[in-house]
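Keep the model open while reading.

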Amino acid sequence: MAFLLGAVAFVIALLVSVMLHEAGHLVPAKRFGMKASQYFVGFGPTLWSFRRGETEYGIKAVLLGGFVKIVGYTPLEELDPADEPRAFYRQKASHRSIVIAGGVVMNFLFAFVLLMAMAMTIGIRQPGTATTTVDEVTTCVPASLSEPCGDGWPQSPAAAAGLRAGDRVLSFNGRRVGDWTELRDAIDAARPGQTVPIVVERGGRQATLQARLAEVGGESFLGMQAAVVGQGYDRTGPIGAAVFAGRAIGQTVAGIGQVVVDLPAAIPKLFSPERASTPGGQVGSVVGATDVSGQIFSSESSWRDKAALYLSLVVSVNIFLGALNVLPLLPLDGGHLSVVAYERLRAWYARRRGRPDPGLVDMTKLLPVTYLAVVLLIGLGVLLILADLINPLRLPE
């Protein structure tokens, strides 16, 4: 039931995000006198709608997006002569740019508001400090650090050596360690397959254990999770929340950039156990995000952890939608903005040369590129959906 509740909560958040994105187009279009004939969530057959003024509002059957129908969005559209003065393509470039950018602005604004609300109510999560005390011993040697243990997998070096939760590691392979960074460096300095002494404090007494290190991902693997102290949530005021929201959006955008760069190399791993080992492999479809939301709600974490993770997921989706639409590719918003910018640049150049304004771009020449972009986006979307169904991403334990 908790999983289903989480899935439904994400679908609702996604629909709200889509509605806000499309409202970002609709409101300025109406403000500038353009004619918007439809505002719908979803695609396909209409489930429910009503009309207010000249605009029909409603919900369609396939809830995988939404749209606003602005009359004359491109010169290729056939228009009623009475609507031509209000056609989108006949409006000032500044007005068209505001309407096009409105959806992206709403996605980022929604993410900003959610982050501020999270900082002021739930609080900003403090990561704490990792120690040399064992919090949990991994039972197996996994194929990758993101893989859970399975039946028949070899026992981890820590488990085989008798390391227990609560043990405090004092030295590793003859090196004194005072914090997790020193312990991690000592593990990295050792060779896979090497047997090393580990001095631990257990119940007020010292004991020396012998562990034969394994290899995971080309590095030495012991198999312990460090206990973390100082974790928690700190609420902040509006100014601190605004700073936190701005920083978080910047970090997320930078992370999306890493994903875009890494995605081509990650595609072959989408259906392998190593899928989550790279930033590109961690990107998913709407299906995957819905599944992750269900995992968040059904986890054994505290309500604060669940709320923070859920809101972070919704924030990430909005920032991703906003960043994706900025790409200068038709039919995305960034592609339409690029067309407007090119028209203005061409008009400026013509004026400098004493020539008349060349006018609107011939959109028929851009159709092949548009079709290619649509095919690539749909193909990637289908591939990610299949990966999320066959090889879904899992939250860390």
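How many nonpolar, polar and charged residues are in the lining of the largest cavity? The lining has 10 nonpolar, two polar and two charged residues. Here Ala, Val, Leu, Ile, Met, Phe, Trp, Tyr, Cys and Pro count as nonpolar, Asp, Glu, Lys and Arg as charged, and the others, Gly among them, as polar.

This is a predicted model: local features need pLDDT of at least 70, side-chain atom pairs count only at pLDDT 80 or more, and totals for chains, interfaces and linings use all residues. Residues are numbered from 1 along each chain as its sequence is written, and side-chain values use heavy atoms, leaving out hydrogens and water.

**Cavity**
- The whole structure holds one cavity of 30 Å³ or more (on a 1 Å grid over the protein atoms alone, a set of points where a 1.4 Å probe fits but cannot get out; lining residues have an atom within 4 Å of a point).
- The largest cavity has a volume of about 120 Å³, the space filled by probe spheres set on the points.
- It is lined by 14 residues; Tyr73, Arg96, Val339, Glu343 and Met363 lie nearest its centre.
- Helix H2 (93-121) and helix H8 (333-352) are the elements that give two or more residues to this lining. Helices are DSSP runs of H or I, at least four residues, numbered from the N terminus.
- H8 gives the largest share, four residues.

**Surface patch**
- Phe271, Val287, Ile378, Val382, Ile385, Leu386, Leu389 and Ile390 make a nonpolar surface patch of about 710 Å² (residues with over 30% relative accessible area and no salt bridge, nonpolar side chains Val, Leu, Ile, Met, Phe, Trp and Tyr joined within 5 Å; a salt bridge is a side-chain nitrogen of Lys or Arg within 4 Å of a carboxyl oxygen of Asp or Glu).
- Areas come from the Shrake-Rupley method with a 1.4 Å probe; for residues, only the protein chains shown count as cover.
- Helix H9 (residues 367-390) supplies the largest share of the patch, six residues.
- Val382 lies in helix H9.
- Val382 is partly exposed, with a relative accessible area of 43% (between buried, under 20%, and exposed, over 50%).

Notes. Patches are made of residues with over 30% relative accessible area and no salt bridge: like charges are joined within 9 Å, nonpolar side chains (Val, Leu, Ile, Met, Phe, Trp, Tyr) within 5 Å. Buried means under 20% relative accessible area, exposed over 50%, partly exposed in between (1.4 Å probe, protein chains only). On a 1 Å grid over the protein atoms alone, a cavity is a set of points where a 1.4 Å probe fits but cannot get out, and a pocket is an open set with protein on both sides within 12 Å along at least five of seven lines; lining residues have an atom within 4 Å of a point.
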